[in-house]
Amino acid sequence: MAGEGDETQWFSPTSGRFSGWLGLGTGVVVAVVAVGSGSLAWVAAGLLIALAVWLILLRPRVGLRGRTLLLRGIVSTVEVPLSRVTGLAVRQVFVAWVGEKRYVNASLGRPMRDLRTKRGEAPRPDQYTDHILELLRSHQDDAKRWGGDGDAVRRLWAVPELVALGVLVVVTVVLALL
């Protein structure tokens, strides 16, 4: 889809960073304290907590590589050719439409209080998310002008994270039952 030389630009998430790093730190502290006490089940549980927090709060991102929109989710990354995107929006979450199919990413969003408006009014502007939407729409226009409709939407699984998650779940359960 994108050329090999294209650089990936990831956009910072609008929420979840503080709680994500706090949760990740908590999981690591639990694991380190458990190492000192000799409880392997708690070590595995602490590492499982840290990995789950990473997957849920810190891994999701919206990015751009060349003419491809990247939606990195909990366990996969969806590559969407911008030439096929029919709509983009940021409400509580980021949404990209390809025909009738909807792709959602929770890393970008607006607070509900900013979305509540009187009938007929637009939501309050948000400089950061509005800037990202403008940038993506500009790249979308370029992609449509240069073609590339033959590209398909692809999902790439986060294999290392899935393997680590499976191993930690099995280890935690086995050690907890011993």
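Student: Asn105: buried or exposed?
Tutor: Buried, at 3% relative accessible area. Buried means under 20%, exposed over 50%, and partly exposed in between (1.4 Å probe, protein chains only). This is a predicted model: local features need pLDDT of at least 70, side-chain atom pairs count only at pLDDT 80 or more, and totals for chains, interfaces and linings use all residues. Residues are numbered from 1 along each chain as its sequence is written, and side-chain values use heavy atoms, leaving out hydrogens and water.

Student: Where is Asn105?
Tutor: In strand E7, residues 101-105. Helices (H or I, at least four residues) and strands (E, at least two) are DSSP runs, numbered from the N terminus.

Student: Which side chain does the Asn105 side chain make a polar contact with?
Tutor: That of Ser107, at 2.6 Å. A polar atom of the Asn105 side chain also lies 3.2 Å from the backbone oxygen of Arg61. The cut-off for a polar contact is N or O atoms within 3.5 Å; within protein, one must be able to donate a hydrogen and the other to accept it, and residues adjacent in sequence count only if both atoms are side-chain atoms.

Student: What does Phe94 touch?
Tutor: Beyond four places in sequence, its partners include Asn105, Val62, Leu69, Leu88, Leu133 and Leu136. Contact means heavy atoms within 4.5 Å.

Student: And Leu133, where does that sit?
Tutor: In helix H4. Leu133 counts as buried because its relative accessibility is 7%.

Student: Which residues touch the most other members of the largest nonpolar core?
Tutor: Val62, Leu69, Leu71, Val80, Leu88, Phe94 and Leu136, out of 20 residues. At least two residues each come from E2 (61-65), E3 (68-72), E4 (76-81), E5 (87-90), E6 (94-98) and helix H4 (127-146). H4 gives the most, with four. Such a core is a set of buried Ala, Val, Leu, Ile, Met, Phe, Trp, Tyr and Cys residues joined through side-chain atoms within 4.5 Å.

Student: Switching topic: how many salt bridges in the whole structure?
Tutor: Five. The test is a side-chain nitrogen of Lys or Arg within 4 Å of a carboxyl oxygen of Asp or Glu.

Student: Which residue does Arg154 pair with?
Tutor: Glu79, with the closest N and O atoms 2.6 Å apart. Arg154 is in strand E8 (residues 154-157) and Glu79 in strand E4, so the bridge ties together parts 75 residues apart in sequence. Glu79 is buried at 4% relative accessibility, whereas Arg154 is partly exposed at 40%.

Student: What about Asp130?
Tutor: Asp130 meets Arg110 in a salt bridge, 2.6 Å from N to O. Asp130 is in helix H4 and Arg110 in the loop between E7 and helix H3 (112-115), 20 residues apart.

Student: How far apart in helix H4 are Arg145 and Asp142?
Tutor: Three residues, so about one helical turn separates them. They form a salt bridge too, at 2.3 Å between the closest N and O atoms. Arg145 is exposed at 58%.

Student: Which residues are joined into one network?
Tutor: Arg65, Glu79 and Arg154, through salt bridges that share partners.

Student: Last one: how many helices and strands in the chain?
Tutor: Five helices and eight strands. Along the sequence the pattern reads β-α-α-β-β-β-β-β-β-α-α-β-α. The chain has 178 residues, and 36% of them count as buried.
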